[in-house]
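Please look over the chains below.

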Amino acid sequence: MTSTPPDLRVELLLRDFAPQVLGALVRRFRDFAASEDAVQEALAAAAAQWPRDGIPDQPRGWLVQVAQRRMIDHVRSEVARRGREAAFAEETPLAVAAALAGESEIDPDDTLLLLFMCCHPALSPASAIALTLRAVGGLTTAEIAKAFLVPPSTMAQRISRAKQGIKASGVRFQMPDARERAQRLSSVLHVLYLVFNEGYTTSAGPDLHRTDLSNEAIRLTRAVHRLLPGDGEVAGLLALMLLTDARRAARTGPGGELIPLDEQDRTRWDAQAITEGVGLLSAALRRPQRGPGEYQLQAAIAAVHDEAPRAEDTDWPQILALYGMLLRLSDNPMVALNHAIATAMVHGPQAGLELLTPLDDDERLRGHHRLDAVRAHLLERAGNRQAAVALYRAAAEKTTSIPERNYLEMRAARLGAAT
Amino acid sequence: MKFMLMLNTPRDGYAKYMSWPKEILEANAAFMIEFNRKLSAAGELVGAEGLASPVQAKLVRAGKDGRPITDGVFPEAKEFLAGYWIVDVDGPERAYQLAAEASTAPGIGDEPLWVEVRGIMSGRQDLE
């Protein structure tokens, strides 16, 4: 990686350090919101100085010191302010005096503790995503705002509200007990999954300059995997991301148009990412455990697709079996839709269409374009072109995704012209 | 998810607005300021604008030489867009809730105004 430009090298380094520095400050000062602001200031100072003056010998120590100095300034001015406001004088935290004297220590588990805080179920998904990207990912508010196409002031408000939410929830900067831990880890993985999904956009057109949220999600999930190497679901999520991201180059055409899995040029898939994803997944599945969780199953499905040299080589019976297992774990209607597709691939389109009928009554799919799109797809396979065209169009009208709409319209037009 | 909330006014809405008594004008302005402040504090506001009176509005299209041809607004139009908000919220239910609140802006008349809620297209896809 010697060719990485110095600015980018500094940026990546800073973002790796961000949660470690923040963890050290939060453990010492206990005030998460103010510590987080202090760390952002230290990161900004480093981003300005390091490319010019060179990276210091102890970069992490440098960041901790600068952040600490900002934090101490903040604490002093708070103490002074509270001193002036006699009514609040007795609320001055006792921790302040100790904090001003002590040393900030680095603990590798801090990244995990911070994720547990930022992904706390008390926060809305949008708040948790924004706060995670800033506090753990080390992205600036402006970068996050750009990625979500909202004004920076809006993103700043969202982050500050998320911090208030953490304060109000009373969640503490410490490892939850074993029972709560599993639940909290699943919230963390869900937020990381959502970040990855946010990044799953077309790589051309108006979104070309989007901060790469998929890469960021992979980077953060890697960090969690390093800390919890024995957790099958963490490994499963990382594998799922790698196996999905491996198809990125083949997923969109030159005009940003969506190319479905069975039409993708598989030579453009990232073989290295596939090897890594399959390796992670195999190791996770070999471990003795109660049975694979949702992320491992989804990763296994992605792996079966990735390992087929041609679309017609896809092991659909295997995929159908995996969706069957997934359905038993969750009643997600999107899983039921994919299960119907896999059924159609193994037992014919009619069998798939029959599985869609009960989904018409599922509240969660009401007005959702995907039910129409899947039914259109199966009707097309069954040779019912007219009905398929109508449903492709109906689906195109319902989606708010530009690439999906274009794809569905194109599908309808192609089929309509052929009749 | 982003949505546009469009506040429409009847054809004579702007003219009527000019003749509102001072207290109602003030109450309306205070309502809008507070509504926008709350949206912004919630981290949900992407943008909001009020539109000038349609008296000044023009319909425009390119002529054969590519230059603009202008015309007045449609004389048969029953409603005009008076202003809009673009919000980024967790889902449509929240957008409807905000639209309902916006519709209760103080004015003359017994009924809240209709606010049209439309989804905004994006480049993202869902994982399959």
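Which residues of helix α17 (residues 349-356) of chain A are buried? This is a predicted model.

## Helix α17 of chain A

The buried residues are P349(A), G352(A) and L356(A). They span an arc of only 60° around the axis, so they sit on the same side of α17(A).

What do these buried residues of α17(A) pack against? Their partners are α16 (333-347) and α18 (369-381) of chain A.

## Nonpolar cores

The largest nonpolar core holds 113 residues. Within this core, V21(A), L25(A), A67(A) and Y392(A) have the most contacts. Helix α1 (residues 6-29) of chain A gives the largest share of the core, ten residues.

Another core, of 13 residues, lies apart from the largest one. Its members include F3(B), L5(B), W85(B) and V89(B).

Take Y392(A) from the largest core. Leaving out residues up to four places away in sequence, Y392(A) touches A373(A), A376(A), L408(A), R411(A) and A412(A).

## Contact between chains A and B

How many residues does each chain bring to the contact? Chain A supplies 26 residues and chain B supplies 18 residues. On the side of chain A that touches chain B, the elements giving two or more residues are α6 (125-135), α8 (152-169), α9 (178-198) and α20 (402-418) of chain A. The largest share, five residues, comes from α8(A).

By class, that side of chain A has ten nonpolar, eleven polar and five charged residues.

Methods: Residues are numbered from 1 along each chain as its sequence is written. Chains are lettered from A and ligands numbered from 1 in the order in which they are written. This is a predicted model: local features need pLDDT of at least 70, side-chain atom pairs count only at pLDDT 80 or more; totals for chains, interfaces and linings use all residues. Two residues are in contact if their C-beta atoms, placed from the backbone, lie within 7 Å. Helices (H or I, at least four residues) and strands (E, at least two) are DSSP runs, numbered from the N terminus. Ala, Val, Leu, Ile, Met, Phe, Trp, Tyr, Cys and Pro count as nonpolar, Asp, Glu, Lys and Arg as charged, and the others, Gly among them, as polar. A nonpolar core is a set of buried Ala, Val, Leu, Ile, Met, Phe, Trp, Tyr and Cys residues joined through C-beta atoms within 7 Å. A residue is buried if 20 or more other C-beta atoms lie within 10 Å of its own, exposed if 12 or fewer, and partly exposed in between; C-beta atoms are placed from the backbone. The arc is that of the directions from the helix axis to the C-beta atoms.
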